Amino acid sequence: MATIDATTHAPAAGTLTRAVIDTFDRYVVPNYRRFPVCLVRGTGSRVWDAEGTEYLDLFPGWGCNLLGHCPEPVVRAVQEQVARLIHVPNTWYTEPQGEWARLLSERSFGGKAFFCNSGTEANEAAIKLVRLRTDGRRHKLITFRGGFHGRTMGSVSATAQPKYHEGLGPMLAGFSFAPHGDLDAVEKLVDDQTGGILVEPILGEGGVVPAPEGFLQGLRRIADEHDLLLVFDEVQCGCGRTGTWFGYQHFGVTPDIITLAKSLCAGISGGAMLTRADLAVHLRPGMHAATFGGNPVAAAAGIAAIRMIEEEGLLDHVTAAAEIFRARLEELRHHCPAVVAVRVIGMMIGVELAIDGAAVVEGCLEKRLLVNCTQGRVIRLLPAMTITPAEIHDGCDRLGEAIVEAAART
Ligand SMILES: *Cc1c(COP(=O)(O)O)cnc(C)c1O
């Protein structure tokens, strides 16, 4: 067991970890804040560092590891595919890409898929499709404060928060921002150059906040009245995480386009834009591409993830697991004034605090529990769909202690 560093509360880096950190310091661009922990292997909701310390991971892969670390059916499918055909470009047909598109289409609104490699790329495809539908005449998109859509220049321009724009200007033109939940503001922003509305049905980076009652219905109505495309960014909430295949299925509103990534391939990189079939014609050959998009390995992982979710009944499991989390975290809220609100939508969980969340994350790390903090005060959990009740209780015990201890220090 590693010892605790007095200043950071993080486990003190052992010799192996120290060597890795030294290499990073010399050769890796320092654009991420990292904990001094070097992870080397994982299984399910457990992960181990270079010194052999075991952690319970309630935030596996920033939500990408939807089925936990190294889920066996996904590992097997990738191993088989990678030995047969790793990559061919989209100048050829491959069976896995077509099958993957079919499975996604049948579980959503029956549209067509464009494949890419990440969330920001999926949103770029959606932005382009909105513009191409009218040959650029109606290029503008309305997005929302508190949303997050990615880091490439189009997606970052679509993201309202100024902190993501600092030093990067000028932003791509054509985006206007409404307060989240404010339909009147949306109505006022629509003009004859507006082509679409882009929104996360459940804000992720924004603090795990589901759309308020009636909001998505209202956006659907505005989109229909003004002939706008309604685009849902489901990069964080999609693919089964919330107990339905897609986040929008909780709200009874059907979008025209959804964007997916993060958990789409259960840890392998992959992204997708699903669009209504009649809109797909606007992405003609030559208008858009992603060299690695829909490659056989990502497709094999994506297909295996969907099959595993169905064969193991994981959508129902998520709904049951969410109730355990809710009960435990609500109990914590009643006993601990530092907990202001608890939001549980399947395996997408936000615990809003009255205190600084960073100290809680460090306290959790000290207890060998991996969690995340967003918006400064929201502890965010994106647990694996395979998490067991025992792991949930264990995780909530450790998280509760870390919050109570951090509150006592504040
Ligand atoms: C993470 C995220 C993105 C960006 O995805 P990348 O794969 O990092 O490009 C976009 N939208 C939402 C809602 C996200 O959570």
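Begin by selecting V88, P89, N90, W92, T94, Q97, T291, G293, G294, N295 and P296, which together line the second largest cavity. The model on display is a predicted one. The space inside this cavity amounts to about 40 Å³. Colour the lining by residue class: four residues are nonpolar, seven are polar and none is charged.

**The second largest pocket**

The largest share comes from β4, with four residues. By class, the lining of the second largest pocket comprises 14 nonpolar, ten polar and two charged residues.

Next, display α3 (95-107) and α8 (296-311). In general, a pair of packed helices is described by the angle between their axes and the distance between the axes. The axes of α3 and α8 come within 8 Å and cross at roughly 40°. Because angles under 35 degrees count as roughly parallel and the range for roughly perpendicular begins at 65, α3 is oblique to α8. The crossing of α3 with α8 is left-handed.

To see the contact, select P96, Q97, E99, W100, L103, L104 and R107 on α3. On α8, select P296, A298, A299, G302, I303, I306, R307 and E310. The residues of this contact divide into nine nonpolar, two polar and four charged. Q97 belongs to this contact and also to the lining of the second largest cavity, as does P296.

**The largest cavity**

Finally, select L66, L104, R107, C239, W245, F246, S263, L264, G302, A305, I306 and I309, the lining of the largest cavity. About 70 Å³ of space lies within. Which helices each supply at least two residues of this lining? They are α3 and α8, and α8 gives the largest share, four residues. Several residues from the helix contact return here: L104 and R107 of α3, and G302 and I306 of α8, are among those in the contact and in the lining of the largest cavity. Coloured by class, this lining shows nine nonpolar residues, two polar and one charged.

How values were computed: Residues are numbered from 1 along each chain as its sequence is written. This is a predicted model: local features need pLDDT of at least 70, side-chain atom pairs count only at pLDDT 80 or more; totals for chains, interfaces and linings use all residues. Side-chain values use heavy atoms; hydrogens and water are left out. On a 1 Å grid over the protein atoms alone, a cavity is a set of points where a 1.4 Å probe fits but cannot get out, and a pocket is an open set with protein on both sides within 12 Å along at least five of seven lines; lining residues have an atom within 4 Å of a point. Grid points are joined across faces, edges and corners, and a volume is the space filled by probe spheres set on the points. Ala, Val, Leu, Ile, Met, Phe, Trp, Tyr, Cys and Pro count as nonpolar, Asp, Glu, Lys and Arg as charged, and the others, Gly among them, as polar. Axes are lines fitted to C-alpha atoms, for helices over the stretch in contact, and angles run from 0 to 180 degrees between N-to-C directions. Angles under 35 degrees count as roughly parallel, over 145 as roughly antiparallel, 65 to 115 as roughly perpendicular and the rest as oblique. A crossing is left-handed if the near helix is turned anticlockwise from the far one by less than a right angle, and right-handed if clockwise. Contact means heavy atoms within 4.5 Å.
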